[in-house]
Amino acid sequence: IGTVVEANVFKNAGLGTVPTTGTSVIGVTGDGAGAGEYTIGTRVINNDFYGRNASLDNDKVTVNGHTRDTLFENNRFYNFKGDDATLEIIDPGTNTGVKIRNNTFRDGGALTHYVITVRCADAVIEGNEILSDIAGTRGIFDGAGTGGFRIINNTINVPYRALALAGNHLVRGNSLRSSGSDTVIICGSNNRFYENTIDDASGGGSFGMWIQGNQNEIKDNRILASVTGAGMHILCNTTDNRIEGNWLNHIDNAETLRLQS
């Protein structure tokens with residue numbers, strides 16, 4: 001309870017090769033053997049984490065289960081290139097109160113790599129910068145469909161999708177860009193997208209947003225394609241969505257908005 005991990009440099013930590021899980025650079029976990037055996041109030045602040053810069057190494061930083069009120073803030077993550085994630089919140093049933101704020105993620109990723117994967121409800125993901133040009137790298141993944149994320153004021157520029165979300169999330173004020181051959185945002189139902197900049201820079205016929213669920217709000221966003229050859233801005237083949245007050249700038253021949261049965 002109440003441990004602070006601050007101002008350290010982690011180099012070549014962790015162990016494991018794909019497809020094994022390996023050992024986390026930092027693993028936050030509770031015991032889980034009895035009632036109330038939780039790890040509470042862990043603070044991971046202002047550290048530098050260096051992965052081993054090799055696609056066969058699957059090192060990552062994890063929150064494994066039976067935790068409450070875990071904070072990652074102002075850390076820097078470099079060169080995590082395993083086929084999994086850089087920062088992963090694993091257990092959907094026993095982790096609560098996770099906050100990921102103002103961290104920098106650079107030069108990480110691989111073909112199936114989400115930089116941040118969260119498998120618990122009600123996480124706060126705010127003010128982070130995720131930048132990678134490694135093919136196939138993705139941004140943030142709602143790994144369990146538990147909902148309730150607050151994804152606010154992040155900058156994500158990756159080759160593959162920036163956000164893959166199920167339902168019931170707030171996404172506000174983010175700068176989201178995909179430069180590869182995939183849709184910038186894929187989402188389920190009951191999400192709220194407000195005041196984001198969404199840039200399909202793939203040139204590969206993908207989409208700015210693919211709305212796969214119902215009753216989403218897409219309001220006051222800037223949705224654009226900054227290169228030729230990009231696909232439609234929004235594909236919506238579901239019901240009762242509200243698309244209001246957005247600025248859409250399309251520079252190629254695909255449909256800007258498709259409402260499809």
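## Strand β20 and its neighbours

In β23, asparagine 157 has arginine 177 as its bridge partner. Strand β23 (residues 175–178) runs parallel to β20, and four bridges join them. Two strands count as paired if DSSP finds at least two bridges between them, and strands themselves are DSSP runs (E, at least two residues), numbered from the N terminus.

β20 also pairs with strand β17 (residues 129–131), again in the parallel sense, over three bridges. Here isoleucine 130 stands opposite isoleucine 156 of β20.

## Two faces of β20

Strand β20 covers residues 155–158; Ile156 and Val158 make up its covered face, while Thr155 and Asn157 sit on the uncovered one. In a regular strand, side chains alternate between the two faces of the sheet.

## Where this comes from

This is a predicted model: local features need pLDDT of at least 70, side-chain atom pairs count only at pLDDT 80 or more, and totals for chains, interfaces and linings use all residues. Residues are numbered from 1 along each chain as its sequence is written, and side-chain values use heavy atoms, with hydrogens and water left out.

## The whole chain

The chain has 33 strands and zero helices. Its radius of gyration is 18 Å, close to the 18 Å from the globule rule for 261 residues, so the chain is as compact as a globular protein of that length. (The radius is taken over C-alpha atoms; the rule is 2.2 Å times the number of residues to the power 0.38.)

Of the 261 residues, 48% are buried, meaning under 20% relative accessible area with a 1.4 Å probe, protein chains only.

Terms used
Buried means under 20% relative accessible area, exposed over 50%, partly exposed in between (1.4 Å probe, protein chains only).
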